[in-house]
Amino acid sequence: LGSYSEAARALGVGRSAVSKAVMELEQLLGARLLDRTTRHVSPTEAGRLYYERSLDILARVEEAEMLASRLHDEPRGVLRVNGPMSFGVSHLGAAVVDFMARHPGLKIELTLTDRFVDPVEEGVDVVVRIGAMQDSSLIARRIAPARRVLAASPAYLAAHGAPATPADLKAHRCLDYGHSTTLRRWPLTKDGRTVQAELDVVFCANSGEVLRTAALAGQGIVLLPTFLIGEELRAGALAPVLTDWPPTELTLFALYPPNRFLAAKTRLLIDFLGARFGERPGGEGGGPARAGSG
């Protein structure tokens, strides 16, 4: 309300009670929460952060009370979600929007980044990642497998031929995800045996969409998940290669802190993602594949 007097009037208490409460809270926290002038009172950065987190805590308390009394199970408060850039743009964002429509009492903050995000340190409720799960204190819920495919454009294959063995990749132009073109390898598996195929990487990028564009332009062979190139494979714009040596499969995980009681909003989102993406996120059955989203 921008005023101690207005706040006191809204709360039905005296102005001095409001002033005393703020002063005691600032002393307890060791931080100034409000900037005061003769005309206006406004929150400091610390004050705004404290207020926003307090709203979330109060929403959790309200949610716990409703769940305990079994009167209502609609989640409330702020749900903070983080996901990888490519998958977030192509699939996760749409899924979160649909989840939000089911639970209008929630406020959702979605951020996309490919760097590692620690949900405890960064205040995130759910982190969605694709990869091999590393040893961690975090809880990892397996959502779905994420299949990858080696592919190239028909024009590239007409000009350079198709590799017959993993060793042949060394003689081909390869497009790889990463920050360096040197010392790159692709893990390929056949009959339970995995080899690390050496590559001649002519182009690398930290964007799956950019690598897809390069492959469509005939610049080489690319290794990408089917949620990014499923449509191109079905349309024939890209053709799979070395199909008898498929890349090792990755997994779509939902990561969250090891809390004893998982918040309803977090549990509901993870369950929703599991049902949404099913067995094959974005290309081969389950979730968005049935809707033709690729």
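## Overall build

The protein has 9 helices and 14 strands. The model is a predicted one. The chain counts 294 residues, and 43% of them are buried.

Contacts reach across the sequence. Among contacts with a separation of 6 or more, 69% join residues 24 or more positions apart. The accessible surface comes to about 16,100 Å². Carbon and sulfur atoms hold 54% of that surface.

## Salt bridges

Side chains of opposite charge can pair when their charged atoms come close. The structure contains 10 salt bridges.

What separates E6 and R9 along helix 1? The two residues are 3 apart in this helix, which covers residues 4–11, and that spacing is about one helical turn. E6 and R9 form a salt bridge, with 2.7 Å between the closest N and O atoms. R9 is exposed, at 58% relative accessibility. E6 is partly exposed, at 37%.

A second salt bridge joins the side chains of D271 and R141, at 3.1 Å from N to O. D271 belongs to helix 9 (residues 264–277) and R141 to strand 6 (residues 139–146), so the bridge ties together parts that lie 130 residues apart in sequence. Both ends are partly exposed. D271 has a relative accessible area of 34%, and R141 has 33%.

K190 and D244 make another salt bridge, with their closest N and O atoms 3.6 Å apart. This pair also links distant parts of the chain, 54 residues apart. K190 sits in strand 9 (residues 185–190), while D244 sits in the loop between strand 13 (239–240) and strand 14 (250–256).

Helix 1, helix 2 (15–29), strand 2 (41–43) and helix 3 (45–69) each give at least two residues. Helix 3 gives the most, with 5 residues. By residue type, the lining divides into 15 nonpolar, 6 polar and 1 charged.

A254 is part of strand 14. This alanine is buried, with a relative accessibility of 0%. Buried means under 20% relative accessible area, so A254 falls within that class.

Which residues does A254 touch, leaving aside neighbours within four places in sequence? The contacts are V126, V127, I139, A140, R141, I143 and I270. One of these, R141, also takes part in the salt bridge with D271. G274 is 20 residues from A254 along the chain, and the C-alpha atoms of the two are 9.2 Å apart.

## Two residues with positive phi

Most residues other than glycine have a negative phi. D191 is not a glycine, yet its phi is positive, at about 55 degrees. L242 is not a glycine either, and its phi is about 50 degrees.

D191 lies in the loop between strand 9 and strand 10 (193–198). L242 lies in the loop between strand 13 and strand 14. D244, the partner of K190, is placed in that loop as well.

Is each one buried or exposed? D191 is exposed, with a relative accessible area of 75%. L242 is buried, at 6% relative accessibility.

Terms used. Residues numbered from 1 in each chain as written. Predicted model: local features only at pLDDT ≥ 70, side-chain atom pairs only at ≥ 80, totals over all residues. Heavy atoms only, no water. Helix = DSSP H or I, 4+ residues; strand = E, 2+ residues; numbered from the N terminus. Buried < 20%, exposed > 50% of the residue type's maximum accessible area, 1.4 Å probe, protein only. Contact = heavy atoms within 4.5 Å. Areas by Shrake-Rupley, 256 points an atom, 1.4 Å probe, with all protein chains shown as cover. Salt bridge = Lys/Arg side-chain N within 4 Å of Asp/Glu carboxyl O. Nonpolar A, V, L, I, M, F, W, Y, C, P; charged D, E, K, R; others polar.
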